[in-house]
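Please examine the sequence and the three-dimensional model shown here.

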Amino acid sequence: MTEDVLKIKHLSVDFRTMEGNVHAIRDVTLKLHPGEVLALVGESGSGKSVTTKTIMQLLPNNAEVVSGTVEYKGRNLLDLPEKKLQQLRGNELAEIFQDPMTALDPTVRVGKQIMEPLLNHKQMSKGEAKKQALAIMNKVGIVNAKERFNNFPYQFSGGMRQRIVIAMALICHPQILIADEPTTALDVTIQSQILRLIKQLKDELGTAVIFITHDLGVVAGIADRVAVMYAGRILEFGTVEDIFYHPQHPYTVGLLKSTPTMDMSEGELESIPGNPPNLINPPVGDPFASRNEYALAIDYQKLPPFFKISDTHYAATWLLDKFAPKLDLTKKLEKRRVHYANLVKEDNSDD
Ligand code: ADP
Ligand code: MG
């Protein structure tokens with residue numbers, strides 16, 4: 001197998017606040033394989049954005065990396081000087097966010113903004129950069145690219161603005177694209193168009209993608225692998241099939257049960273009761289224990305290790321210990337399985 005493009009090892013990040021230290025990321029280990037889409041899922045506040053801000057070295061001033069490394073091409077990004085990081089950002093490492101307006105300058109014509117990364121990072125004439133900008137505008141589905149080149153961001157719809165941001169992010173053919181809830185602000189139809197676009201472009205360019213979402217519903221159509229995050233920790237990771245068909249951690253099961261499918265009535269949805277723990281004094285043991293109806297005594301006392309389910313699938317729950325009671329957590333998930341199977345089929349049928 002070819003080398004991983006990114007290796008996050010034992011990463012812990014704190015925030016200093018008036019109330020105390022917020023332990024936002026706790027011992028996160030993650031690998032990104034070449035050309036894959038790795039989805040990072042979990043409720044709001046679980047540490048998804050902080051993880052990717054650490055990769056990009058764009059953490060706010062009150063953040064401190066307490067431990068860990070982020071390896072990219074044999075170097076630890078956490079040790080690189082700012083100048084080197086600037087050479088990587090927008091070039092080899094690109095990102096898109098939920099709100100395209102944060103990435104776009106409202107006072108600059110979009111064509112110029114799309115060209116910018118090329119002029120910053122590649123030795124290229126303006127004429128050549130413009131040619132490539134027009135080509136990628138076409139590719140991301142902006143019709144009349146030549147005329148639209150001179151428009152300002154406000155002259156585009158939300159979906160079109162996100163396409164412009166994607167064009168900007170991909171114009172230098174990055175090794176890694178970080179997409180942090182890129183479709184959350186868009187309506188459902190536009191959402192799926194943007195997901196398809198990201199998938200199509202990453203296949204074409206061979207870019208590896210870290211796709212962040214709180215919505216497991218969008219994961220089936222786009223991800224190859226999924227890592228489930230909770231209270232700053234990864235609780236389970238596996239292929240998209242592992243996670244949707246054989247979820248092992250009660251939190252993953254809870255997330256699946258609370259994700260709506262098209263053919264489901266409101267009453268069938270079960271939200272996870274309770275709230276995530278306070279990260280100033282996070283609990284010892286399994287952080288999900290207090291919300292887990294199947295919690296064992298040991299869940300409150302000792303952090304579960306990752307148990308191996310298969311070569312691709314690992315979960316940190318004491319329920320996988322050989323002495324734990326055997327439970328079937330996945331009752332009532334059948335309907336969802338059919339739904340996800342259809343999504344994946346739909347998705348592959350028009351490739
Ligand atoms: P999400 O999974 O929703 O992207 P984040 O990664 O943004 O979550 O946040 C993880 C945790 O870090 C949350 O508990 C959040 O409140 C905390 N956090 C994020 N930014 C700061 C900050 N600048 N100061 C203090 N705490 C922060
Ligand atoms: Mg976030």
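The model is a predicted one.

Helix H7 comprises the 13 residues 158-170. From its first C-alpha to its last, H7 reaches 18 Å, close to the 18 Å expected at 1.5 Å a residue. Eleven of these 13 residues are buried, so H7 is largely enclosed by the rest of the structure. Buried here means that under 20% of the relative accessible area remains. The buried set includes the run from Arg161 to Leu170 together with Gly159. Several elements contribute to the cover over these buried residues, among them strands S6 (93-97) and S7 (176-180). Helices H3 (100-103), H4 (110-121), H5 (126-139) and H8 (188-205) also belong to that cover.

Attention now turns to the ligand. Around ligand 1 there are 14 residues, of which Gly45, Gly47, Lys48, Ser49 and Val50 come nearest. By class, this shell consists of seven polar, five nonpolar and two charged residues. Strand S1 (6-17) and helix H1 (48-56) each supply at least two of the shell residues, and H1 provides the largest share, with three.

Polar contacts to ligand 1 involve both backbone and side-chain atoms. A backbone N or O atom of Gly45 lies 2.7 Å from an oxygen atom of the ligand, and a polar backbone atom of Gly47 is 3.0 Å from a ligand oxygen. At Asn62, an N or O atom of the side chain lies 3.1 Å from a nitrogen atom of ligand 1. Taken alone, ligand 1 exposes 560 Å², and the protein buries 68% of that area.

Definitions and conventions:
Residues are numbered from 1 along each chain as its sequence is written. Chains are lettered from A and ligands numbered from 1 in the order in which they are written. This is a predicted model: local features need pLDDT of at least 70, side-chain atom pairs count only at pLDDT 80 or more; totals for chains, interfaces and linings use all residues. Side-chain values use heavy atoms; hydrogens and water are left out. Helices (H or I, at least four residues) and strands (E, at least two) are DSSP runs, numbered from the N terminus. The expected span of a helix is 1.5 Å times one less than its number of residues. Buried means under 20% relative accessible area, exposed over 50%, partly exposed in between (1.4 Å probe, protein chains only). Contact means heavy atoms within 4.5 Å. A residue is near a molecule or strand if one of its heavy atoms lies within 4 Å of it. A polar contact is a pair of N or O atoms within 3.5 Å; within protein, one must be able to donate a hydrogen and the other to accept it, and residues adjacent in sequence count only if both atoms are side-chain atoms. Accessible areas come from the Shrake-Rupley method with a 1.4 Å probe; for residues, only the protein chains shown count as cover. Ala, Val, Leu, Ile, Met, Phe, Trp, Tyr, Cys and Pro count as nonpolar, Asp, Glu, Lys and Arg as charged, and the others, Gly among them, as polar.
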